[in-house]
Amino acid sequence: MNFHEFTADYIKRLAEGDPFVAEHFRAYFWKLLVVKLGRRGRPTEFIEDVAQETFRRVIALLRSGREIEHPERFGAFVHAVAVNVERELSRPEHRYVRIDGTDFTDARIDLDSELVTEQRKRQVRAVLDELPERDRRVLELRYLHDWSLERICREVGVDASYVRVLLHRARNRFREKMGNNWAAHA
Amino acid sequence: MDHAEAEQSQAVERYLLGELTGPEREAFEEHYFACPKCAQEVLAGETLGANVRAVHAGRATADLRIPRPGRLAWLSTPPPKVAWAAAALFAVVAGYQGLVVTPRMETQLSELASPQPVARHVLRPLTRAGEMIRIAAQPRGFVTLALPLDVLPDFERLAVEVRDRGGTTVARIETAVPRRPGEPLEVLMPARRLPPGAYTVVVSGWRGGERTEVGTYPFTVEP
């Protein structure tokens, strides 16, 4: 995540097989696909399939001479490919079946393990400890119990903007504690 | 959607809180794939959430401590030790209930009241050739074990036992005999009762006070 935008040079080096750029490309979009598809409850194995096929197609398109007219929009191009792959793999003939014959998994748990580290847990614990009881409760209701925003507002007696601001501040505090390079600690 | 629009509409927060409509969500996802700033915000939010869950998992016991009594000016005379012990015990019980039991029950009730997918696994009798049935471990929810029953004499009822590798019974139920021939017997098991390991389901039939084993179904739960 230590870069600020996609450039023509980045795309050219990716097409040419530069190992550093290829590694960045995969790591960067893997995380985004985990978030995007994980929020839809997709199983980890399905996400892996979508990601691998997306990466394969994007690189194949670039190597076939496909021009990316606006390099800064390269991420949107990857997103469009991923959306198509997801649709294709979701069709009945591609219905995802696990090796044990089931197609169910607890995606939330699997995907959390992508993001949880001991260091991050310590920092989040520190952020939570700094918060007033009510704010800590709001975060726990949201993240731990998966309550809807409406339900939190009703039960805790706060409005939606309060929750949004709280979430924004907690995220900033967390990032401050992790340092600028927090995403590299994965 | 551009970055200014995303900032103005608090798209990151609304996305993380699940407030965006389908088209809004699609538009924002397309944006943050192309916008490293927003992507970092989204990842930070997801990472925060994942770690809040992880922290809470370890906090349930860590927070289980006796609260220190505050300085109460009006209490010039210390109370008897018995009273402090009783208060401490009450605090432990109340704390445990408030911090551990109630949230856990809320979560469990919420899970039970919500529709949820159930993994169904058809087991194979020991007598039938084939590879061992392997099941992926689940941290929560339920799994259905479907047990094909080939021959069923006139039993009054069936007993189903799930045994671990050491032969210890981890679950046992008695149930009616399936009415239609060939219909598998289905057992709904809480997934947390099946941690990774080797298991055997033993089905027995009862008739006139006599028990007869009718099927053995080995399977493995994998991490």
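Helices (H or I, at least four residues) and strands (E, at least two) are taken as DSSP runs and numbered from the N terminus, and the expected span of a helix is 1.5 Å times one less than its number of residues. The structure is a predicted model, in which local features need pLDDT of at least 70 and side-chain atom pairs count only at pLDDT 80 or more, whereas totals for chains, interfaces and linings use all residues. Residues are numbered from 1 along each chain as its sequence is written, and chains are lettered from A and ligands numbered from 1 in the order in which they are written.

A residue is called buried if 20 or more other C-beta atoms, placed from the backbone, lie within 10 Å of its own, exposed if 12 or fewer do, and partly exposed in between. The buried residues of α3(B) are B:Phe28, B:Glu29, B:Glu30, B:His31, B:Tyr32, B:Phe33 and B:Ala34. In chain A, helix α4 (residues 74-90) has 17 residues that should span 24 Å at 1.5 Å a residue, and its end C-alpha atoms are 24 Å apart, in agreement with that expectation. Its buried residues are A:Phe74, A:Gly75, A:Phe77, A:Val78, A:His79, A:Ala82, A:Val85 and A:Glu86. These buried residues of α4(A) pack against α1 (8-16), α2 (19-38) and α3 (44-63) of chain A, together with α3 (22-34) of chain B, where two residues are in contact if their C-beta atoms, placed from the backbone, lie within 7 Å.

Within chain A, the axes of α1(A) and α3(A) come within 9 Å and cross at roughly 100°; axes are lines fitted to C-alpha atoms, for helices over the stretch in contact, and angles run from 0 to 180 degrees between N-to-C directions. The residues of the contact divide into five nonpolar, no polar and one charged, with Ala, Val, Leu, Ile, Met, Phe, Trp, Tyr, Cys and Pro counted as nonpolar, Asp, Glu, Lys and Arg as charged, and the others, Gly among them, as polar.

The contact between the chains takes 45 residues from chain A and 41 residues from chain B. On the side of chain A that touches chain B, at least two residues each are supplied by α2, α4, α5 (107-115), α6 (118-130), α7 (133-143) and α9 (160-178) of chain A, and α9(A) gives the most, with eight residues. By class, that side of chain A has 22 nonpolar, eight polar and 15 charged residues.

Chain B contains five helices and eight strands, and 24% of its 223 residues count as buried. Among the contacts in chain B with a separation of 6 or more, 67% are accounted for by residues 24 or more positions apart. Most residues other than glycine have a negative phi. B:Gln10, although not a glycine, has a positive phi of about 50°; B:Gln10 is found in the loop between α1 (3-8) and α2 (11-16) of chain B and is partly exposed, with 18 other C-beta atoms within 10 Å.

Five strands of chain B form an open sheet in the order β2-β8-β7-β4-β5 with mixed pairing, where two strands pair if DSSP finds at least two bridges between them. The edge strands are β2 (133-136) and β5 (169-175) of chain B, each of which pairs on one side only, and the twist averages 25° from one strand to the next. Strands β4 (residues 157-164) and β7 (residues 197-207) of chain B pair in the antiparallel sense over eight bridges, with B:Ala159 opposite B:Ser204 in β7(B). β7(B) also pairs in the antiparallel sense with β8 (residues 210-222) of chain B, over 11 bridges, and in the hairpin of these strands, which has two residues between them, B:Gly208 takes a positive phi near 55°.
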